[in-house]
Amino acid sequence: MKMKVRKSVLFLLLVTVLAPIVLFTHTLGVYFTSSSSKDEFLEDVSTFTFAGEVRPLHVLPQESSTALKEPLGLVYSENSNESSSNYSDASSGENARVTRQLTEESADDKTTNSSTSSSSSIKQSSDENPIRQVTNIADEADSAESRTTHSKKSESIGNMGKLGGQNVVKIEITSHDSVGTSENSSDKIGLKHLRRSSRTSHRSISREQVIKARTEKQNEVQTVLPDARVFQLKDQLLRGKVYLSLSSTRNNPHFIRELRLRMKEVQRALGAATVDSELPRNAYEKLKAMEQTLLKGKQIQDDCAAVIKKLRAMLHSAEEQLRVHKKQTLFLTHLTAKTMPKGLHCLPLRLSTEYFMLNSSQQHFPNKEKLDDPKLYHYALFSDNILAAAVVVNSTITHAKDSSKHVFHIVTDRLNYAAMKMWFLANPIGKATIQVQNVEEFTWLNSSYSPVLKQLGSPSMIDYYFKNRRTESDSNMKFRNPKYLSVMNHLRFYLPEIFPKLEKVLFLDDDIVVQKDLTGLWCLDLKGKVIGVVETCGESFHRFDRYLNFSNPLISKKFDPRACGWAFGMNIFDLKEWRKQNITKVYHEWQNLNHDRQLWKLGTLPPGLITFWNRTHVLDRSWHVLGLGYNPNVAQRDIERAAVIHYNGDLKPWLEIGIPKFRNYWAKFVDYDQVYLRECNITP
């Protein structure tokens, strides 16, 4: 009896458990292997056929941003208790119910495993098609579906619909025929997400943009510097020097011999190359061979402390060598600036010879009546450089509106007086008036009148400039320049005495180039000031504390160390105000106080800052742009808009050490075809 009961129970279990599973699996297999059904899914996934009609798939309505916290994926729902007769009537209600369930499912799923489902959904959305996803979900739901009587089903797959920037794919599975269902089962199996993670439109990044960004990043990584291999070779030489000096490697003669051989090969391959394209073809082979030798050295010497100590010693040595070379470069630069090129030395000799061959009547300039006319535009130019003075005059007249109203007063020394006159006699400048004077003819300018002349002739001053000082160093070598011994450099402080009948004079240095008409400067109202200047101070440089000794109470009590400095080179002077305020007397007083050079070093700018303190009228910076004689970074825009450009510094445009990119602004006003220049071999 017990045996029969057991068999009956076993039979019931087989019937109630296995039969529904087999039946359902067979039904799905028949449906999905049907050629017509398969073709229907593949050909058009945006519609489905029901009762002989082709109907569009329904799309979920747009969810609000507050209710939907993350992008929606594919939705699968199965409705097993709806008949074909009432499908159309219940479609709207079903959509609302599905939407409500979708929101609840999304919120619940996000709190449980948001990160896992998000990553898996991205993979499914890119690798799987919707039909395979539906089949997989059906297999997962076998246990629930076994309690429901299934019939032939029709499936509809919704394609991606864009609702307010959200991409939603919905799959609905509804019943084709009206069949009975199990009484203890619910109306649906449930909604399941096939996690296709999509983002809102304003956050989405297209595949093309991702690929493009990735490609650009790879290109940046793969970009090779033009001197990368040169740098590697130099680095190998440095490492080789370290191994040559270490005791452990020096004790290995075979390694030292090989290392020296490799270093010679690398040095020959490197040569004077600065970029990889200049290296020979076998440079890479030498690099690899050298690297193998260095690896041997690393195996011999593995003491990092010894290597670091040696590298530090080499670094200190290199810094000391750099300091010495900088000092030598500075000295040689100043020496070059003080010397006269061969061509410029030849030119005054050649011109002087021609001048003394002229008749006395031919040695004079015309228009002498204009020299003292205060209504004309008068220029003061003090120079012993003939070619530089010629450029100043030529550039000024080239841009002048009416050259007949311009008068140039050139003062030079005795050695260049004849040559200067001969140059302008042989090269007249249109209707402009020229006057050349010899500073030796200013008999009133002597040591009894001028304190600076007395100081320049003192034994201590001569000793300061010409004594052998190889063992000594000056904090600023430019103050040791013998040009400061020349009285020509101090004539700017005696303009009223040199031009007693004039009211306004424009002072020009001989290392400037005029690029615009300057007559507007005579029309400026200086408002009771003596001199018009362009300030040169920046945030922390070219201020009074750079030029004056503020540790001396005479300076610290009188002046502001943060006061803005300015520059000589192009300055308009009101000689009436000069005489009225007796500026020359102020200049002499300060020069007497600085007899021991404790207030400032030699030069003309420091006494100029003191003498014209609170007597300067600031001009617009475009009138005077400085720095072309020492700063290669002067802005091109500033140069082009400047009325006057100034080559202040040691890198003068007529010297070989001049900055090449600035030289043409000066050279274009030199006629290199002029016979005297060709005879002296003066070329661009």
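Is Arg350 buried, partly exposed or exposed, and what is the relative accessible area? I looked this up at the outset: Arg350 is partly exposed, with a relative accessible area of 26%. I take buried as under 20% relative accessible area, exposed as over 50%, and partly exposed as in between (1.4 Å probe, protein chains only).

**Entry 1. Basis.** I note that this is a predicted model, in which local features need pLDDT of at least 70 and side-chain atom pairs count only at pLDDT 80 or more, while totals for chains, interfaces and linings use all residues. Residues are numbered from 1 along each chain as its sequence is written, and side-chain values use heavy atoms, with hydrogens and water left out.

**Entry 2. Whole protein.** I find 25 helices and 17 strands; helices (H or I, at least four residues) and strands (E, at least two) are DSSP runs, numbered from the N terminus. Of the 684 residues, 43% count as buried.

**Entry 3. Helix α12.** I looked up α12 (residues 342-355), which has 14 residues and reaches 20 Å from its first C-alpha to its last, close to the 20 Å expected at 1.5 Å a residue. The expected span is 1.5 Å times one less than the number of residues. Its buried residues include Leu344, Leu347, Leu351 and Tyr355, and the buried residues of α12 pack against α13 (386-399), α14 (417-426) and α25 (675-679). Arg350 forms a salt bridge with Glu354, the closest N and O atoms being 2.6 Å apart. I count a salt bridge when a side-chain nitrogen of Lys or Arg is within 4 Å of a carboxyl oxygen of Asp or Glu. Both residues lie in α12, four residues apart, about one turn of the helix.

**Entry 4. Helix α14.** Eight of the 10 residues of α14 are buried, so this helix is largely enclosed by the rest of the structure. Among the buried ones I list Met420, Lys421 and Trp423. Their cover includes α12, α13, β9, β10 and α25.

**Entry 5. Strand β10.** I find six of the six residues of β10 (residues 433-438) buried, so the strand is largely enclosed by the rest of the structure. Thr433, Gln435 and Gln437 point one way, and Ile434, Val436 and Asn438 the other. Strand β9 (residues 406-412) runs parallel to β10 and is joined to it by six bridges; strands pair if DSSP finds at least two bridges between them. Phe408 stands opposite Ile434.

**Entry 6. Strand β14.** Five of the five residues of β14 (residues 570-574) are buried, so this strand too is largely enclosed by the rest of the structure. I see antiparallel pairing with β11 (residues 504-508) over five bridges, where Leu506 has Ile572 as its bridge partner. Strand β13 (residues 531-533) also runs antiparallel to β14, with two bridges, and the partner of Ile531 is Phe573.

**Entry 7. Other salt bridges.** My search of the whole structure finds 11 salt bridges. Glu258 and Lys296 meet in one of them (3.2 Å, N to O). This pair links distant parts of the chain, with Glu258 in α9 (residues 253-270) and Lys296 in α10 (residues 283-300), 38 residues apart. Glu258 is buried at 14% relative accessible area, whereas Lys296 is partly exposed at 39%.

Conventions. Contact means heavy atoms within 4.5 Å.
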